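Have a go at each one, then follow the solution step by step.

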Amino acid sequence: MTPLTADEYRTLIDRALEGAVDANTTEPDLRRLFTPSSHRLALAPDVTVVKGARGTGKTYWAKALTDPRLREIAAASYLMPKLRRVEIATGFAADRRADAAYPTKRVIARLMRDDEFDAVDFWFTVVLMALQVPEIAAIGDWPGRMSWVRDNPEALDDALQEADSTAHNDGMTRVLLFDALDHLHKDRTQADKLVSGLLEVALELRLTTTALRAKIFIRPDMYDSAPKKFADASKLTANTAELTWLRENLYGLFFHQLGNYDGPGAAEFRAATSMTGSWRDEGEGRFIAPTDVIADQTRQEAVFVDIAGPYMGTDRRKGLTYTWVPNHLQDGNEEVSPRTWLYSLREAAVVSAERYAGHEYALHYDAIRASLHGAARIRVEELTEDIAWAVAAVEKLEGGEVPMEPSLVIAYWDQGGLSAALQDLAKDNAQDGQEDDGGSGPRKPADLFAVLEELIDIGVLTRRLTTGAIDLPDVYRLYFNIGRRGGVSRKKS
Amino acid sequence: MTTPPPPSARFDAAWKQALAHAGQAAQRFGMDVVVTRDLLGRASLLVDDRAAPLPADAPDVLSASAAFAAATHPFTGLEPVVLGSLLFAPDLFFASSDRTEISASHGSVGSVHALERTVIGTDWTSAPVSAQAPNDEDWDRRDRRVAMYGFKGGVGRSTATAMLARYLADRGRCVLVVDLDLESPGVSNLLESPSGIPRHGIVDHLVEAAVGHGDGLELVARGTALPVRGESNGEVWFAPAGGTPRAGERSDYLAKLNRIYSDLAPLTPGDSPRPFATRLEQAISACENQVAELSRRPDVVLLDCRAGMHDIAAVTLTHLSGLALLFTVDNPSTWEGYRMLFEQWRQRQDHVSDLVERLRVVAAMFNSAGDINRLLALQERAYNLFADTLYEPDSTYISAPDAEDAPHSPIPILFGNDLIGLDPLRSSAWPELPMVEAVYQTFTTTVERLLPSPHPEPS
């Protein structure tokens with residue numbers, strides 16, 4: 001088979017990544033599902049808490065787990081046969097169906113309003129609904145169900161024990177998934193309280209049943225800020241997994257998409273990357289790359305150099321393409337969201353085809369540079385969906401320059417009326433109860449210094465180590481009109 | 001009763017005054033002005049009046065001259081103000097490529113340039129010797145040379161050089177190490193015994209070639225202390241600063257050293273002059289040629305460079321190497337030193353962007369001792385320095401303080417306490433100790449990636 005030309009590569013990248021960059025509207029699918037080694041633990045049925053920042057794939061895995069075919073793929077790829085003996089139910093998610101086991105946001109807000117009910121009772125009610133316990137399902141409304149749980153602790157225990165032994169006798173584990181917890185409640189204190197209750201219920205299931213398990217996908221900062229003032233809380237922390245994307249995972253994802261595209265070029269790409277072993281044909285059009293293509297950085301770099309050339313310019317002093325792209329997409333916690341990553345590569349292919357069609361490699365280094373701007377937009381969109389308040393805070397720095405003294409950041413926020421803006425966000429369409437609402441607010445909206453710390457926590461801002469000045473990673477900075485201080489202007493000769 | 005001495009300016013203050021008066025003159029006469037400074041630091045104002053000659057005794061000229069002399073005393077040139085129309089060869093000043101622009105001309109105000117006359121010219125700031133033309137042989141030679149430079153001595157630079165040479169040879173390259181520490185030549189740790197030192201050194205080439213007598217010197221020897229492993233075909237060669245004479249021969253190192261640092265007139269009238277940079281380049285080329293003759297063309301040439309702001313370092317960093325590794329330790333005097341250096345370079349704005357890409361910071365003897373933040377702090381200080389002096393506002397580097405392949409991002413040599421007291425000269429097996437290899441691993445592998453590919457196999 002002849003190797004791909006630069007132009008064929010561009011077409012392949014453009015088409016193969018077309019769907020992947022709209023990750024939120026596209027369901028995980030059989031061919032494209034990629035199983036990075038670092039995510040193995042996150043899928044294990046007995047791991048209760050899965051921490052992942054915005055855009056690392058929490059919802060993706062929650063959806064994949066509910067699909068038996070995709071679960072089978074995960075079971076096979078991760079050598080995790082236990083995944084074949086699970087029944088999955090959803091205890092909370094962003095795209096709520098009418099017959100869901102949990103109420104709408106508006107109902108939650110009302111239930112929590114007068115401290116009449118306790119968050120633990122709420123989640124036990126959800127658990128019983130998800131397990132389809134007849135006594136609770138027979139009650140028509142949420143206040144009624146919660147009253148039942150509150151008033152009948154022994155019946156609750158009995159119902160759980162029965163569900164447990166049924167599942168146990170069938171050799172199954174019933175896993176309840178909780179995702180999109182950013183959208184539990186607009187008010188962060190209430191959201192924290194709800195998360196805290198959920199964690200307590202999850203631990204209770206762990207400790208008192210053998211076949212009932214909760215799996216909670218959650219942002220690390222939300223996990224950290226939820227109070228854990230219940231017995232044995234440390235057992236939960238010991239049982240967490242994290243969704244991280246190492247550099248080799250990102251490249252593995254990219255190559256997997258190219259090799260699994262359903263059209264011209266994919267077979268040639270698989271052939272071109274089969275020096276050390278062939279792609280394994282899994283049937284139904286799904287192929288698995290040789291291990292080194294998804295796990296070995298030296299091999300990955302060789303593959304990427306075929307696509308993008310070795311350097312970010314005309315010679316090696318301009319930086320290496322393999323490290324340059326992930327480096328420039330990092331947020332303050334050195335994390336890259338896979339969607340930004342794939343977007344950037346696709347954009348680079350499109351721009352290369354438009355402006356550098358004659359270039360010897362598929363991706364031109366200047367096109368790669370240009371693609372960062374689009375990737376920054378994608379990243380800010382991601383943020384807007386779950387952590388809209390962070391976007392609002394950074395917007396207020398517009399026209400400024402980083403690194404910026406913390407006091408200056410506060411001054412921008414004071415003048416820009418950030419506190420009021422945060423309050424508006426918290427009220428904003430609170431009544432429609434829809435999920436597309438920007439998530440809950442900061443922990444302490446009135447305390448701007450606390451807001452600053454929280455932004456550093458979630459990797460939107462960084463603090464320079466030696467000077468303490470506040471900085472903004474490029475993946476955000478390029479979207480907002482914020483300059484970078486430094487550098488010496490010089491005229492060109 | 002004594003009369004107080006007239007007020008006088010110290011060296012730096014006098015230069016500041018000279019530049020200020022140059023600006024005034026450019027305005028008053030509406031002409032381009034060059035300020036020169038001679039070997040002793042004495043300044044003169046050169047006014048380019050060739051288009052509209054001024055009378056030498058014009059009141060304006062006389063008063064400018066008097067004011068200039070008063071402001072710069074005692075660092076005043078023999079003629080405080082010189083008119084270009086009266087000069088024998090005005091282009092030597094007004095068109096010299098060694099000029100540094102102080103301010104551009106605007107409106108009716110002329111431009112101001114500075115022109116330094118020191119012993120060896122202005123190698124810290126002047127343009128690279130060879131033009132940039134890939135595929136050109138001179139360019140390829142420069143590209144294969146790596147300057148190993150530390151502003152402060154005693155940071156393990158020579159040991160790192162030896163480790164790098166050994167590693168690259170293990171990987172199949174032919175490596176030449178040139179000792180440019182001419183002021184304190186020593187037995188190289190690349191040699192098992194001093195008897196392996198060749199008969200001549202760099203210093204010999206500099207004095208002999210000055211009188212057209214550079215051929216036939218014995219400049220290089222095989223490194224013997226670091227046997228190359230395996231079947232790699234790699235080699236290590238060594239060129240000392242000064243050679244070891246044969247029994248009964250005399251060698252007066254100091255007498256030679258005293259005669260090398262000068263720009264020389266052409267050997268034959270009509271040829272181009274021979275600045276120190278060119279002469280040093282020729283000495284290094286001679287060593288490379290000798291290795292090529294004895295074995296094969298070197299793939300990498302490591303220039304072990306003198307510490308400090310020294311002429312040799314100036315030439316090596318700006319003219320002779322394709323990659324310059326700047327050894328740093330995280331202390332104020334190191335940063336202050338590099339800042340001084342970079343600010344000099346910045347004056348030659350047209351060459352800075354080429355230069356900056358050839359630089360890489362090395363975190364030397366970095367005692368990480370369980371705290372990664374210390375390396376990050378060093379990286380940040382390096383970033384601040386580069387951002388203040390050499391980076392341009394819109395360059396890629398400026399937008400990525402944490403990037404791992406920017407010039408400022410430090411390549412660590414992770415120094416541990418267990419290395420103290422280990423003497424590489426005592427045991428040739430030293431580099432093979434696992435902990436020693438671990439210490440240099442990031443350094444050697446990172447630098448390898450910054451090097452050009454080895455020469456193709458001779459067919």
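**Exercise 1.** In which loop of chain A is the place of A:Glu284?

Solution. Start with the loop: A:Glu284 sits between strand E6 (280-283) and strand E7 (286-288) of chain A. Helices (H or I, at least four residues) and strands (E, at least two) are DSSP runs, numbered from the N terminus. Next, check the backbone: phi of A:Glu284 is near 55°, a positive value in a residue other than glycine. Finally, A:Glu284 is exposed, with 58% relative accessibility; exposed means over 50% relative accessible area (1.4 Å probe, protein chains only).

A word on the ground rules: this is a predicted model, where local features need pLDDT of at least 70. Residues are numbered from 1 along each chain as its sequence is written, and chains are lettered from A in the order in which they are written.

**Exercise 2.** Work out whether A:Leu79 counts as buried or exposed.

Solution. First find A:Leu79 in the loop of chain A between helix H4 (68-77) and strand E2 (86-92). Its phi is near 50°, positive although the residue isn't glycine. Then look at accessibility: at 69%, A:Leu79 counts as exposed.

**Exercise 3.** Find which residue is joined to A:Pro403 by a cis peptide bond, then do likewise for B:Pro74.

Solution. In chain A, the partner is A:Val402, and omega is near -5°. A:Pro403 lies in the loop between strand E8 (401-402) and helix H21 (406-416). Over in chain B, B:His73 is the partner, with omega about 0°. Here the loop holding B:Pro74 runs between helix H2 (59-72) and strand E3 (76-83).

Notes: This is a predicted model: local features need pLDDT of at least 70, side-chain atom pairs count only at pLDDT 80 or more; totals for chains, interfaces and linings use all residues. Side-chain values use heavy atoms; hydrogens and water are left out. Buried means under 20% relative accessible area, exposed over 50%, partly exposed in between (1.4 Å probe, protein chains only).
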